[in-house]
Amino acid sequence: MELTANKFKANASKALVDAQLQKALGNVEKGFIGKRQKAADALPEFDALRDNARDIKNHVLEHLDLYLEEYERKVTAAGGHVHWAETAEDARRIVLEICKKANARTVTKGKSMITEEIALNDHLEANGIEPVETDLGEYIIQLRGEHPSHIIAPAVHLNKEQVEGDFRRVHTHLPEGRDLSEPVSLLSEAREVLRQRYFAADVGITGANFLIAETGTSVIVTNEGNGDLTQTLGKVHVVVASIEKIVPTLEDTSQILRVLARSATGQDMSVYTTFSTGPKREEDPDGPDEYHVVLLDNGRSAMLGTEYQDMLRCIRCGACMNHCPVYHAVGGHAYGSVYPGPMGAVLTPSLNGIDETGQLPNASTFCGRCEAVCPMRIPLPKMMRHWREREFERNLTPAVARYGLKAWAFFAKRPKLYRFGASFAMPLLSLFGGTSRRFHSLPFAGGWTRHRDLPAPEGRTFLQAWAQREAQKQETGQ
Amino acid sequence: MTSSGTKAAQQPRVGLFATCLVDLFRPSVGFASVKLLQDAGCEVHVPVAQTCCGQPAYNTGDRADTREIAEQVIEAFEEFDFIVAPSGSCASMLRKHYPGLFEGDAAWEDRAKAFSAKCHELISFLTDVMMVRDTGAALEARITYHDSCSGLRELGIKEQPRKLLGNVSGVEVREMTDSDVCCGFGGTFCVKYSDISNAIVTKKVGNIDTSGADMLLAGDLGCLMNMAGKLKRQGSDVEVRHVAEVLAGMTSQPPIAGSGK
């Protein structure tokens with residue numbers, strides 16, 4: 001997708017007046033927050049599991065090379081193939097080659113953010129191969145030519161009436177009188193259409209929630225079962241996953257699984273948790289003839305050893321955006337990047353560079369709710385602040401903010417001068433505040449007063465008033 | 001400064017970090033803080049070499065200025081037994097964020113850590129350190145309390161103000177929906193992303209309205225000015241005050257952004 005992260009502010013302003021979107025965004029707050037809380041409350045060891053999950057991933061990141069090599073050995077031993085892709089372009093090329101070798105005309109896809117990151121669908125289409133998204137949300141946005149607005153609920157920006165309209169527009173072979181008014185009828189409609197596509201597809205492409213080093217297994221968690229059909233019905237199964245998806249053992253996987261679905265949707269476990277190791281063996285009733293894993297770096301190894309390393313613990317549960325007041329206000333598309341919300345505000349600059357994405361880490365109140373709910377305890381606000389530091393060092397911070405800050409800091413670092421100035425300014429401002437004790441508008445304060453009144457100061461500053469009170473006390477001998 | 005003789009020997013010496021917003025906009029909160037601290041048995045000092053905790057610079061990514069300001073604050077306040085601020089956000093800056101500014105600097109690191117360990121937000125200092133249960137205040141009001149983000153999530157301030165408010169005679173606490181969700185202030189965020197901030201604070205004042213309270217309290221003046229400004233813009237009669245004013249029984253000043261009754 002086209003990166004428009006630096007148009008965030010304009011994107012956001014549009015989103016704020018989009019009535020359809022605002023209605024749909026209400027569902028994010030209603031749908032996710034209470035369910036996560038309930039699931040967390042029901043598990044006494046939830047916070048201990050989060051610590052454990054964090055520690056597992058920290059350990060992996062300290063020894064990532066070792067585990068990746070072990071993983072490759074195990075995949076190969078199971079009859080699969082591992083392909084190393086340093087860049088998005090490498091990954092696209094590798095997947096296309098595999099598809100071409102299989103003479104693929106259509107490929108089915110399980111829901112995967114990583115294939116969004118590498119813009120795989122566009123590349124396949126440009127080369128005459130039709131990608132078919134099989135996750136309901138992904139299917140809907142593919143029909144609309146859109147990108148996911150949420151990492152686990154890609155069509156969360158839509159209302160069911162909009163989806164009904166899209167289905168009626170595209171599924172013209174189905175009877176007109178068909179009831180599509182409820183989500184469940186939309187689901188069966190999509191199922192009916194997709195069922196044919198699974199059988200026709202030559203290649204199935206999925207992402208992975210985990211890659212297990214000890215067994216060479218890839219794991220996907222889904223709720224619709226579409227991932228399973230995608231990866232077992234095609235002749236070839238291609239897993240596209242980034243390198244930090246590695247976990248050492250099956251035991252580690254099950255530890256992190258316990259926090260994943262609870263944090264994401266409030267489920268104890270997702271409906272399907274599917275483990276795939278290599279292609280179909282002789283004794284297997286089904287499965288693909290070929291099993292490929294494309295391991296993508298795309299800037300991640302450069303995050304190791306930096307202040308952004310903790311971001312590589314992310315398991316893409318979406319809890320950060322589900323709890324983000326900014327995301328609730330503007331939705332995922334406003335971020336103008338593959339990954340929205342707080343995790344995107346940290347990851348996108350790492351992947352695309354801060355020059356093109358500088359607004360994202362600034363668009364946060366630092367309320368800290370994202371970090372508070374992150375199952376992997378990723379210090380998201382802290383890392384956003386680090387991005388702001390990189391911007392400030394390189395003078396990427398907007399000039400008005402930079403000079404304003406410098407002028408303020410000049411006084412803040414000179415208490416005597418500051419006190420002197422404040423002792424005149426605040427009483428004067430207070431005077432202008434009149435009897436209403438507030439300003440409806442004020443020069444240089446438009447950012448504030450556009451939407452709210454500015455309270456007038458009381459008069460003298462606290463330190464002025466305090467000094468006077470102390471002096472009076474001395475005089476009266478108290 | 002406030003007491004003398006033998007009693008002073010046992011009194012903790014507290015440096016009051018007024019915070020820039022209280023200093024400039026609402027001195028009443030400073031005086032209410034002094035009263036609460038003195039009533040709790042503290043000897044209160046107000047060093048004149050204070051301006052701001054440095055958060056505007058810190059959150060804009062200007063680490064060099066932040067550090068200079070932090071050094072200035074540490075130098076002015078480190079002599080005290082405790083440093084107390086009537087703001088969760090500023091107290092968290094002093095307590096949680098200062099040490100990181102000096103990481104790897106042998107001359108300053110331990111000094112900053114020792115300083116930070118003595119820093120507290122006012123209300124939690126009263127309840128958790130000075131073991132105050134009842135401030136002796138009385139007020140007839142239906143209040144609702146907004147949990148400011150930094151105090152709540154970085155310092156764990158949630159029950160402390162409610163406990164003290166529960167003992168203010170005449171006060172009825174009416175919890176609003178999502179009291180722990182951001183008000184949209186976020187320091188410079190509210191002017192940098194004015195429209196988004198407005199969407200967030202609009203939701204907040206909706207929740208304040210439906211709580212049925214006639215007074216809104218919180219522990220951070222930034223959030224209070226934001227919410228008061230929005231409430232007034234919408235023509236609301238809800239009075240907005242810092243929680244310290246109510247706990248100290250000092251509500252004779254007109255409320256924030258209000259001309260009084």
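1. B:Val84 sits opposite B:His120, the latter in S4(B). The two strands involved, S3 (residues 82–85) of chain B and S4(B), pair in the parallel sense over 3 bridges; pairing here needs at least two DSSP bridges between the strands. Helices and strands are DSSP runs numbered from the N terminus (H or I, at least four residues, for helices; E, at least two, for strands). Keep in mind that this is a predicted model, where local features need pLDDT of at least 70, side-chain atom pairs count only at pLDDT 80 or more, and totals for chains, interfaces and linings use all residues. Residues are numbered from 1 along each chain as its sequence is written, while chains are lettered from A and ligands numbered from 1 in the order in which they are written.

2. Now the whole sheet in chain B. It is an open one of 4 strands in the order S2-S1-S3-S4, with parallel pairing. Strand S2 (43–45) and strand S4 (119–121) of chain B are the edges, each pairing on one side only. On average, neighbouring strands are turned by 35 degrees against each other, direction ignored. Helix H3 (residues 27–39) of chain B lies across strand S1 (13–16), S2 and S3, and runs at about 170 degrees to S1(B). Axes are lines fitted to C-alpha atoms, for helices over the stretch in contact, and angles run from 0 to 180 degrees between N-to-C directions.

3. Chain B is assigned domain 1 (6–127) and domain 2 (133–247), with bounds taken from an automatic or database domain assignment. Their C-alpha centres are separated by 22 Å. In all, 28 residues of domain 1 of chain B are in contact with 24 residues of domain 2 of chain B (contact: C-beta atoms, placed from the backbone, within 7 Å). On the domain 1 side, H3(B) gives the most, with 6 residues. That side has 12 nonpolar, 12 polar and 4 charged residues. For the classes, Ala, Val, Leu, Ile, Met, Phe, Trp, Tyr, Cys and Pro are nonpolar, Asp, Glu, Lys and Arg are charged, and the others, Gly among them, are polar.

4. Next, a helix pair in chain B. The axes of helix H12 (residues 194–211) and helix H13 (residues 221–233) of chain B come within 10 Å and cross at roughly 75 degrees. That makes H12(B) roughly perpendicular to H13(B), a label for angles of 65 to 115 degrees. From H12(B), B:Val201, B:Thr202, B:Lys204, B:Val205 and B:Ile208 meet B:Asn226, B:Met227, B:Lys230 and B:Leu231 in H13(B). Those contact residues divide into 5 nonpolar, 2 polar and 2 charged.

5. H12 of chain B also holds B:Asp195, which touches A:Ala12, A:Ser13 and A:Leu16, leaving out residues up to four places away in sequence. B:Asp195 counts as partly exposed because it has 17 C-beta neighbours inside 10 Å; the cut-offs are 20 or more for buried, 12 or fewer for exposed, and partly exposed in between.

6. As for the chain A–chain B contact, 52 residues of chain A are in contact with 59 residues of chain B. Elements giving two or more residues on the chain A side include helix H1 (8–16), helix H19 (415–432) and helix H21 (462–475) of chain A. By class, the chain A side has 28 nonpolar, 10 polar and 14 charged residues.

7. Last, the layout of chain A: domain 1 (43–302) and domain 2 (406–475), with C-alpha centres 57 Å apart.

How values were computed:
Two residues are in contact if their C-beta atoms, placed from the backbone, lie within 7 Å. Angles under 35 degrees count as roughly parallel, over 145 as roughly antiparallel, 65 to 115 as roughly perpendicular and the rest as oblique.
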